[in-house]
Amino acid sequence: MWSFRAWRRRRTLARYPIDAQLWQAVRAGLPLLDGISDEEDRWLREACVLFLHAKHLTALPGVELDDEQRLLLAAQAQLPLLHLGDLDWYQGFHEIILYPDDFKSPQRHRDASGVEHIYDAEHSGEAWHQGPVILAWDGVLGGGGWEAYNLVIHELAHKLDMLNGDANGLPPLHHGMDVGDWSRAMQQAYDDLNRQLDANPDAETAIDPYAAENPAEFFAVASEYFFSGPDLLQQAYPQVYQQLALFYRQDPLARLSHLQAEHPAYCQSPS
Ligand SMILES: [Zn+2]
């Protein structure tokens, strides 16, 4: 059957091909894509074209993007979707706003005695419910490898989480996944992290203590680690790794282990 969506997709891909050399440069800047198959690479390349066509990147003064940088952002955004099928996973927003570096954002917090505090917090990224994604460009540039940090994946994980309502650490799970298994794995790890930090706020935790803020941040930080520090996540919280592998339908740790087996000096984990 003729499909308008498929036709539009083919037309967009034909109109905006990515030059092979340009794509090679993008891949060189993103070690976390090392080890993906040729077929996955082809999918990712096309997904980048479609993503950049569908979303508007608004660069604020101080940020100037060339094609390579736009693709660098898009490829990181699309990596989590590599095996999630053709569903529109990044829906409900059209714009990605890029600040040159961390930005101030007004926060509202009501304390236990009911007093409301309004203050400015420094952020490197935000994802608004039914609104834009905001990223600090220098934060985007700080990721891309296996450094267990990835601002793009972090903020877009919030978007996946919001697909079924408020960000609460529970994105829409696939058929066959068990909500009980998911919740247990996440809750145990979240509680463990909080216990460590309650005992010592400066504790050297296995994953970024920011994950202990709330379940939504736990899911976003765990997603960052899943793709860019999978060995650390698997070691600290294997059940979380397993649930994320079921959700993202990928095994980045297998990619990393394979690369390290082939080249023993390949990017040893960050310390
Ligand atoms: Zn977050």
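Tyrosine 190 and phenylalanine 218 are both buried, where buried means under 20% relative accessible area, exposed over 50% and partly exposed in between, with a 1.4 Å probe and protein chains only. The model is predicted, so that local features need pLDDT of at least 70 and side-chain atom pairs count only at pLDDT 80 or more, while totals for chains, interfaces and linings use all residues. Residues are numbered from 1 along each chain as its sequence is written, and side-chain values use heavy atoms, with hydrogens and water left out.

**Aromatic pairs**

The structure holds 14 aromatic pairs; rings of Phe, Tyr and Trp (its six-membered ring) pair if their centres lie within 6.5 Å, and planes under 30 degrees apart count as stacked, over 60 as edge-to-face and the rest as tilted. Two of these pairs are set out below.

| Pair | Centre to centre | Angle between planes | Class |
|---|---|---|---|
| Tyrosine 190 and phenylalanine 218 | 6.2 Å | 85° | edge-to-face |
| Phenylalanine 247 and tyrosine 248 | 4.9 Å | 70° | edge-to-face |

**Sheet and overall form**

The protein has 11 helices and 6 strands, taken as DSSP runs numbered from the N terminus (helices H or I, at least four residues; strands E, at least two). Its radius of gyration, taken over C-alpha atoms, is 19 Å, close to the 18 Å that the globule rule (2.2 Å times the number of residues to the power 0.38) gives for 271 residues, and it is therefore as compact as a globular protein of that length.

An open sheet of 4 strands has the order S1-S2-S6-S5 with mixed pairing, two strands being paired if DSSP finds at least two bridges between them. Its edge strands, each pairing on one side only, are S1 (56-59) and S5 (125-127). Strand S1 runs parallel to strand S2 (residues 95-99), to which 4 bridges join it, and leucine 57 has isoleucine 96 in S2 as its bridge partner. Helix H6 (residues 151-161) lies across S5 and strand S6 (133-136), running at about 165° to S6; contact means heavy atoms within 4.5 Å, and axes are lines fitted to C-alpha atoms, for helices over the stretch in contact, with angles from 0 to 180 degrees between N-to-C directions.

Of the 271 residues, 46% count as buried.
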